[in-house]
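Please study the sequence and the model before reading the solutions.

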Amino acid sequence: MDPDRNVKRLRKLFGVSRTILKRAARRPSVSDQEREEQQRKRFQFLREMRQQRISSLGANHRYVLEICADMCGLDTEEVVTGVVDENKYVENLNGLFNERGPMAIMLSNAEMMGYPTESGRYQEKLKYTEIQRTICLRADSVDMIGKWMVVYRHHNDRSIENRTVSDEVAMFMINAEERNACLNVVKTFIDYVLKPSVEAVTEFGLAEKEQLQKFFHILNMYNTFLKSSEATVSSRVLFDVSHDLFKGFLLVRWQIEASSKIVTRVRLVERYFEQWLRQIQGILVEGKQIQRDTPDVGPLQMLVNWRRMLARYTSITEFVTSRAFNNHKDCLTLSRSSKLLNVVS
């Protein structure tokens with residue numbers, strides 16, 4: 001028997017076996033086929049549900065969405081496409097027209113990550129891609145930041161019909177540059193909704209001309225007060241606190257004592273402490289400059305300036321009495337290596 005011949009036959013046999021295995025590996029299994037079929041049916045079902053949500057939008061829904069789209073400078077179908085992405089968006093829009101429904105809903109068109117899984121147009125490859133789309137939420141559930149369309153009704157004791165929707169529903173736009181900017185919302189509402197509505201009224205019943213002038217004067221003064229209040233709130237000082245440092249190494253007494261013995265950590269504490277002292281010193285210098293205002297400055301402007309400085313001084317007082325500031329200070333006191341404490345004292 002020729003051993004080389006047997007080896008060649010075995011190699012040939014193994015070669016055929018490997019080819020068969022490779023072909024079998026490329027062939028999808030029954031379970032994979034079933035999974036793909038289930039996925040296809042699921043996507044088909046979601047597309048059908050999406051189409052049902054589109055069909056459920058009536059004339060009153062379209063009326064609101066068309067005006068919102070026009071105010072945002074968007075195409076109506078682009079707004080509709082986003083609203084029907086989720087069932088809750090359509091339910092929120094429906095609720096606005098129902099008896100005892102929400103008094104207001106809010107719509108926003110902004111960049112968001114991908115499409116919702118149940119939207120009927122979900123794409124795995126766009127899961128982490130920013131896409132411009134519209135959402136519709138109840139006004140009491142919005143963490144407001146950015147540009148929003150507010151749609152509100154005057155009362156909800158009865159349902160709104162198609163023929164009365166233009167009389168019972170109103171809309172305006174707000175742009176909250178900072179999160180939860182409530183003063184900006186009230187000011188915007190007065191500027192773009194309340195004041196134009198009152199000025200459009202021609203019949204005031206028994207009210208005399210002097211009374212009307214006084215009313216509009218008070219309204220304007222209140223709006224001016226809101227604007228100055230917004231400037232006052234925005235002038236508060238924010239001190240940068242490293243929460244990794246504070247909560248990780250300076251939260252309790254034994255951590256402060258241990259950190260005071262580590263040179264690198266003391267230097268990091270000293271860096272933040274020095275930054276806070278520079279901020280406080282800058283505010284105090286600014287306060288002295290405001291005291292030297294020229295005599296032609298009006299009393300209202302002086303009041304705004306003093307309220308602004310009061311807000312800044314209050315934020316300093318709150319911070320220097322906070323736990324974060326005092327724990328950093330205690331660490332430097334125990335280390336006995338910082339000269340910054342001489343400035344504080």
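**Exercise 1.** Determine which residues line the largest cavity.

*Solution.* The lining consists of C68, A69, C72, L74, V79, L107, S108, N109, T134 and M149. A cavity is a set of points on a 1 Å grid over the protein atoms alone where a 1.4 Å probe fits but cannot get out, and lining residues have an atom within 4 Å of a point. The model is predicted: local features need pLDDT of at least 70, side-chain atom pairs count only at pLDDT 80 or more, and totals for chains, interfaces and linings use all residues. Residues are numbered from 1 along each chain as its sequence is written, and side-chain values use heavy atoms, without hydrogens and water.

Next, consider the elements: α3 (59–72) and β1 (104–113) each supply at least two lining residues. Helices (H or I, at least four residues) and strands (E, at least two) are DSSP runs, numbered from the N terminus.

**Exercise 2.** State which residues of α3 are buried and which, on the other side, are exposed.

**Exercise 3.** What follows α3?

*Solution.* The next residue is G73, with a positive phi near 75 degrees.

Technical notes
1 Å grid on protein atoms, 1.4 Å probe; cavity = no way out; pocket = protein on both sides within 12 Å on 5 of 7 lines; lining within 4 Å. Buried < 20%, exposed > 50% of the residue type's maximum accessible area, 1.4 Å probe, protein only.
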